[in-house]
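Hello,

Here is the structure for you to look over. My notes follow below it.

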Amino acid sequence: MPLPDFLVIGAPKAATTALHAALAGHPQLHLSAVKEPKFFLTDGPPPTTGGPGDADTYREHIWRRPDYEALFRPGFVNGESTPFYLYDREAQRRIHDLIPHAKLIVTLRDPVERAHSNWTHLWSAGLEPIGDFLEACAQEPERIRAGWAPFWHYISLGRYGEQLAHLYTLFPRDQVLLFRYRDLLDRPAPTLNRICAFLGVDQDILTTIPRENVTAHPAETPRHRLLSHLVRLSDRLAGQRLTAPLTRLLQHRANPRQPLTWTQRQSLLPHFAPDITLLQSTTNEDFSDWLRPRPRSGGLVGTRPTGQSQSRNGRPRS
């Protein structure tokens, strides 16, 4: 059975779900039915404990090699999308050991906006117990010590300079395609053509990015607190069998995701400024705009498309 020819390796909350869906529409590409197999995140079975929702996510890992190989098809350019591969240095090494010639696609999003979208995603799912974005970020060191999964690492996930500096010790730069999240949203056709050229498949076939995994923002109300508590309790007891319907109730008619404020941005920028300097020297590209106020939040802020629910990226697409 084949192994993937390319991987979308990061970053989380940088439109990897939408990119995966778009690339799946190319007739020469085959994208895994499971958007995030997470195969390279472990050498064997994944952990069984962590933060809220982590145990259920770990159960979704495709960690046995025969199951992983079954995701791909001969005769296509095969790929999968697990955005935590960029963050996880051991995953980078495992990829290099097994498929050293794989092409790697990296989408970088303004790290403060990425962190805010990450927090909103977990808040919307009823898993994040802290309703204040900055306070939740301040809990990150304690959560890491407690073994919470990487999706809770709101700040650390956005330190791309460190991550890419390590990646380039393993893979030559011509095997890595780097572009900005905003390019994908504002200029989808030329950005998709750039990706197709990198993968060696026909261009001018993919022109749009679907609105996938748009996050709602339930208000902090007694109803929200009750449903969120039940989601976290049910996750420990029964997994998605109970949490899925509770999450649908939680997100029913929820507000659109709220934009960042300049005050929030100012508070977090010191966590990223040194890494942005490293990122610029590592890539020879200018990211200084990330240190300034933003004219807009930079994400898919708006009403979630009808019928769409919170993404469960370890599940096959329906």
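Axes here are lines fitted to C-alpha atoms, for helices over the stretch in contact, and angles run from 0 to 180 degrees between N-to-C directions. Helices (H or I, at least four residues) and strands (E, at least two) are DSSP runs, numbered from the N terminus. The model is predicted: local features need pLDDT of at least 70, side-chain atom pairs count only at pLDDT 80 or more, and totals for chains, interfaces and linings use all residues. Residues are numbered from 1 along each chain as its sequence is written, and side-chain values use heavy atoms, without hydrogens and water.

First, the sheet. Five strands form an open sheet in the order S2-S3-S1-S4-S5, with parallel pairing (pairing takes at least two DSSP bridges between two strands). Strands S2 (29–31) and S5 (176–180) are the edges; each has a single partner strand, so one side of each lacks a neighbour in the sheet. Neighbouring strands are turned by 25° against each other on average, direction ignored. S1 (residues 6–10) and S4 (residues 103–108) pair over four bridges. Leu7 has Leu104 in S4 as its bridge partner.

Next, H8 (residues 160–167). This helix lies across S1, S4 and S5, at about 170° to S4.

H8 packs on H13 (residues 262–283) at about 35°, axes 7 Å apart. Residues in this contact include Tyr160 and Leu164 of H8, and Leu278 and Leu279 of H13.

Best wishes

Terms used. Contact means heavy atoms within 4.5 Å.
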